Amino acid sequence: MVSSDLGAILTLVVLVAFLAYTGLRFGFQFLVRRIAGLIFVLVGVTFVTFIMGYFAPGDAAVGQLGIHYTPQAAATLRHFYGLDLPWYEQYGGFLNNLIHLNLGTSFINRDQTVWEILQRGVPVSMTLGLTSLALTLLIGVPLGVVAAVRANSHTDTLIQSVSLVLYALPSFVIIVFFDILMIKMQNLDLPHLPVAGWDLSQPQTLIAPIAIDALIGFAYFTRLTRTSMLEVMREDYIRAARAKGVSERNVIYKHVFRNAVLPLITAIGPSIAFLVNGAFLVELFFNIPGIGFQTVQSIESRDWPVLQGTVIILAVAVVLMNLVTDMFYGFADPRIRVI
Amino acid sequence: MANLPVIVILAVIVLFLAFTGYRLGIRFLIKRVAGLIFVLIGVTFITFMMGYWAPGNAVIGQLGVHYTPKAAATLLHFYGLDKPWYQQYGDFLDRLIHLDLGNSYIARDQSVWSILERGVPISMELGITALIITVVIGVPLGILAAVRANKATDTVIQTIALGLYAIPSFVLIAFFAVAMVKLAEAGNPHLPVSGWDFPNPASIAAPILITAAVGFAYYTRLTRTSMIETLRQDYVRTARAKGLRERTVIVRHAFRNAMIPLVTVLGPSIAYIVNGLFIVEFLFNIPGIGFQTVQSIEQRDWPVLQGTVIILAIAVALLNLLTDVVYGIIDPRIKVS
């Protein structure tokens, strides 16, 4: 059941264009290696998720028949579903379905296919993830630059301490604190942000999750930027630039920052992958129907097809983002010919 | 409360600070201690505010059916809950310094300290072992991947690491639980899905491995990138030209320098492990500090929550300081002043 949805087609086109470009820029061998890696991961992940669904307690046929259960009816239904085939044949069928983008039907909501369910969740998670990542970087990186430029001054200590406080507090404690704060402000009739829900037509519901997600994560990037910039600032070519008479601002931005950005890119890659994963804590606490939320829910309700779907999407996203990161790294650093 | 473990820990911290001052200079030490104190104030303030603003009233809960406004007022006064917030915060800090974290709201006969005392060692066992395994597995794999960069070995290692990294820990745990149930049904030997019996390997294997699984991919990748960078450096080429064996070049020259970013990342790793602990302890029913934190949120047991958050935040802050110090020591080029 291939979804003729515009979004899916667009994504596929972008994907193919991206792969073609990779092959052209970095060499065919590189592309083949990466695709092999992707397939390897997919096979591994699909196999593991299939095995889990296979072993999972509970029986699709029994569950579906409910009160109409008779052993004969169950056997017929199982045969119809192909559940009485040997496991390797079932796995083959599973893979075949996958290729046709058929992820099956949810056990719990029998009228919805897994694909439909995920289709609702992925855009939400990506919106949340992308905007909060952008915000995280917007806050974290400049702070890191400032901290590095004024290293060991009071500004530096202040920035490091504040970000450390936010970093040291466990993430859901920050969320709980925010909830309590909002409830208190509500009691005092002060303007407040909603503590749950995600409605694109009501921007105020979006502010809190994005802001909190960014608050939780920015300290890491501040620290990374600071360390990376300090490393680069010690290099000889920086001293040469200063000796040449380049203005300090140009030294910082055009020379130091450009080189310091590389470790940042390596760090951002995994973060992007988790956009699809969904910051599941934020989604859980704020009741945001993204993919992270769906993953947790599918575990709680033992909805194995949905769980399989989310894990597969996750794995694909991570591997792809890994590839993208490596490619960006290849762009940013011309010394790297093959990654 | 003067008991032995606390005194030992405090002594270690003081010694560490003294060593830092000696090795990296007094000014560095003062700046870092100031930063640490700032962090402590920030964390304690936030946790205090959380308890202060939390809906529900300690007194109402305690009085129960015996509630009268007058009794409530007396009890509030007795607890000091009718003082202005800055005074309450002051009292809070004062008690903290005496290591008095108050009593649990839920289990009124137990002090928060005694509850945490039980949880911290367990979490430390889990967390530290997981971290050790992460490093012991991740770093050598990263070196291997770097040395054989872009060959088959490299791709395999990277994709396995990536696969484990992609799957959230609670999904791994769900899979593990299902597998164990299946094994148990078939009468096969299997690992327990809950409980913590240190150092019994059967009991601790699963939680530790799952906690480690998420982190090791990160270490592998970082080591690999760092090693590749280092192996490109001129001094490595010099070492090879000198005629040194490849193994010596890799281990004694390249790795020593590549290790530096790894050390920097140890601090954030601790934070990462702490956050991972919540999920693992909760799903494996391990009575550590993560589990207690989650439980205290569910039960609205604010004193316990404050206690756990303070301990965790202090641990992360201290370990970050440790990372900075080690970084300053390892790389002699860094002049920290």
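In this predicted model, helix 6 of chain B passes helix 9 of chain B in a right-handed crossing, the near helix being turned clockwise from the far one by less than a right angle. Chain A and chain B also bury about 5600 Å² between them, as accessible area (1.4 Å probe) lost on being put together, summed over both. Local features need pLDDT of at least 70 and side-chain atom pairs count only at pLDDT 80 or more, while totals for chains, interfaces and linings use all residues. Residues are numbered from 1 along each chain as its sequence is written, chains are lettered from A in the order in which they are written, and side-chain values use heavy atoms, without hydrogens and water.

**Helix pair in chain B**
- The axes of helix 6 (residues 112-147) and helix 9 (residues 201-231) of chain B come within 6 Å and cross at roughly 35°.
- This contact of helix 6 with helix 9 of chain B comprises 19 nonpolar, eight polar and one charged residues.

**Interface of chain A and chain B**
- Chain A contributes 60 residues and chain B 59 residues to the contact (heavy atoms within 4.5 Å).
- Carbon and sulfur atoms give 73% of the area buried between chain A and chain B.
- Between chain A and chain B there are zero salt bridges (a side-chain nitrogen of Lys or Arg within 4 Å of a carboxyl oxygen of Asp or Glu).

**Chain A side**
- Elements giving two or more residues to the side of chain A that touches chain B include helix 2 (28-55), helix 9 (203-233) and helix 14 (304-332) of chain A; helices are DSSP runs (H or I) of at least four residues, numbered from the N terminus.

Terms used:
Buried area is the accessible area (1.4 Å probe) that two parts lose on being put together, summed over both. Axes are lines fitted to C-alpha atoms, for helices over the stretch in contact, and angles run from 0 to 180 degrees between N-to-C directions. Ala, Val, Leu, Ile, Met, Phe, Trp, Tyr, Cys and Pro count as nonpolar, Asp, Glu, Lys and Arg as charged, and the others, Gly among them, as polar.
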